[in-house]
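Me: Here is the model I have open. Can you take me through it?

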Amino acid sequence: MENKVKNKHVYWNPYFGGFMLGLLLIFTFYITGRGLGASGAFKSTVVTFVDDVAPTHASKNAYYEQFIINGKSPLNTWLVFETLGVLIGGFLSGALGGRLKLYIQHAPNITSKKRLFVALLGGLFFGFGAQLARGCTSGAALSGMAVLSTGGFVTMLAIFGSAYAFAYFFRKNWI
Amino acid sequence: MSKTYKYKKIIIRRRYRILAAILIILSGGLVLLPKYQKNVGIKPETFLLNLMSPERYISTDFLANSLISKDPSILLIDVRSAKEYSDFSLPNATNIPLSTILKPDNETYLDQDGYKVIFYSNDNFFADQAWLIAKRFGYNNIFVLKGGLNAWFNTILNPEMPKTSDSELEFQKYNTRKAAAMFFGIGAVNTLNSNAATPNIAPKKIILTKTKKKTTGGGC
Amino acid sequence: MGPLIPNGIIPPEWDFVIALLIGIIFGYVLEASGFSSSRKLAGVFYGYDFVVLKVFFTAAVVAVIGIYYLDYLGFIDISKLYIHPTYLWAAIVGGIVMGLGFILGGFCPGTSLCAVAIGKIDAMAYGVGILIGVFIFSEFFSFIQPLFDGSNYGAITLVDTLGISPYWFIFLFSLVAIIAFVISDLVRKKVKKIFY
């Protein structure tokens with residue numbers, strides 16, 4: 001009996017996707033000498049915002065201060081442009097795959113409201129952790145692993161190890 | 001399970017096996033490939049090309065001209081010993097004896113973008129050696145004063161009078177050199193010493209900016 | 001001889017154009033692999049969908065093999081690449097916090113951007129969460145700084161840490177990846193299917 005129930009969307013074969021991502025990483029390293037990233041743009045956004053609202057406060061804080069260069073917007077960085085590209089690329093792929101839709105995706109067991117709250121909380125933790133570890137899954141783990149960086153492997157193991165460890169407690173949110 | 005579904009699955013499984021085999025062969029290839037020593041600095045071929053090219057030489061006339069016009073972009077480096085340096089040196093030259101050129105302190109002088117670094121010694125023999133070492137590390141903007149101080153002495157400070165049969169150009173050159181000698185405070189050869197050579201030129205402030213590290217910062 | 005921009009072969013003015021281009025491909029690949037769906041991503045932790053593991057591992061293996069081949073052939077100089085620096089405890093604690101964020105939110109920053117691009121509202125909430133997280137981190141930076149700057153080992157690689165030849169490590173890494181793929185398929189067969 002063939003399974004009648006199927007996932008709504010058909011995505012690339014994961015190995016093909018991984019292969020393309022690997023090629024992109026090689027290309028990125030070949031051209032720019034560094035890897036991919038994503039959380040850097042979030043940091044730039046926060047720095048810009050704080051710098052605009054409270055410039056003196058921003059210049060006193062040791063963390064903001066290192067990203068503020070006089071006469072240059074903190075948004076004017078490589079990663080911000082790359083992130084804009086990610087948005088465009090994601091939109092293109094979603095449009096071609098017929099996946100453009102404004103909705104809240106959640107497991108049947110939880111409400112939309114709860115999903116939004118949990119997502120916000122998750123983002124908060126991830127944003128915090130990504131700053132602490134100097135990069136997220138793409139910047140630290142993936143790009144780090146591509147050049148065999150010890151920090152990259154440690155970060156990757158820590159992320160997945162802790163996610164597996166916590167998975168049991170949050171299973172209701174997903175299945 | 002329908003027959004076509006089963007058949008498809010077998011094909012996919014076979015494909016995955018082939019892909020896995022390719023992956024193992026590729027990564028195994030890295031292990032098996034013969035290793036060779038990678039050199040730091042520039043490639044031997046580029047090095048040889050640089051070595052054969054006369055572009056590294058700067059003429060005494062050019063140097064005199066730059067010194068007179070106070071060209072801020074040159075950085076003169078005297079590779080002779082400290083004693084020779086204190087006896088006589090070109091205006092605003094910095095002393096880095098050849099034997100100490102590999103000291104880390106001196107790297108800031110050599111590995112930078114701001115200046116044209118010009119080596120000189122009594123002739124161009126030791127300056128060339130310094131140039132070889134610096135070039136080998138891939139430093140840019142490194143030059144050698146052609147003929148060294150001897151040439152400087154013979155052409156700028158004490159130029160030879162052209163013969164009457166020489167062209168107009170030679171005479172022009174002679175006059176310029178004569179004027180340059182005046183500029184460096186020397187009418188006659190016997191006043192040649194470091195004190196006499198400097199008064200016309202204010203000491204230059206050297207601000208060194210190290211060549212930007214080639215690695216880029218910041219991932220995520 | 002790569003990398004091209006640090007070596008001055010491509011002028012730095014092109015930096016941002018290339019960044020945009022790389023970003024577009026990055027976003028496209030992530031979205032097309034299904035990384036814009038949090039339920040698909042979270043599947044890796046409950047065993048019903050191993051797309052994260054497969055894509056992530058394949059990408060890392062392909063990239064590391066490719067980079068080392070390019071280095072071997074002299075097209076790229078590994079010593080000039082940006083090596084993510086190792087701040088051991090910051091990486092471990094940061095990774096644990098990120099893991100918690102991952103299991104709660106179901107995204108990581110890059111994938112959340114893809115999901116935002118196709119209109120997932122939960123991903124937008126996640127993005128706002130990241131901004132708040134970064135803000136909190138920066139505001140309390142003086143408390144965190146000892147951890148953040150401590151245990152700095154510099155830009156070390158596993159070659160330094162484990163004292164193993166990079167080539168052997170890559171070989172073992174690929175074997176581990178293949179074994180992980182096989183096991184993940186076996187696990188997936190055992191686990192109750194979930195559709196989303």
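Reply: We can start with chain C and then turn to the aromatic rings. This is a predicted model, in which local features need pLDDT of at least 70, side-chain atom pairs count only at pLDDT 80 or more, and totals for chains, interfaces and linings use all residues. Residues are numbered from 1 along each chain as its sequence is written, chains are lettered from A and ligands numbered from 1 in the order in which they are written, and side-chain values use heavy atoms, leaving out hydrogens and water.

Me: What does the secondary structure of chain C come to?

Reply: Chain C has nine helices and two strands, taken as DSSP runs (H or I, at least four residues, for helices; E, at least two, for strands) numbered from the N terminus.

Me: In what order?

Reply: From the N terminus, the elements of chain C run α-α-α-β-α-α-α-α-β-α-α.

Me: How much of chain C is buried?

Reply: 64% of its 196 residues. Buried means under 20% relative accessible area, exposed over 50%, and partly exposed in between (1.4 Å probe, protein chains only).

Me: Switching to rings. How many aromatic pairs are there over all chains?

Reply: The search finds 30. Rings of Phe, Tyr and Trp (its six-membered ring) pair with centres within 6.5 Å; planes under 30 degrees apart are stacked, over 60 edge-to-face, the rest tilted. One of them joins A:Trp12 and C:Tyr28, tilted, at 6.0 Å centre to centre and 45° between the planes.

Me: Where does C:Tyr28 sit?

Reply: In helix 1 (residues 15–32) of chain C, while A:Trp12 is in the segment before helix 1 (14–32) of chain A. C:Tyr28 is partly exposed at 25% relative accessibility.
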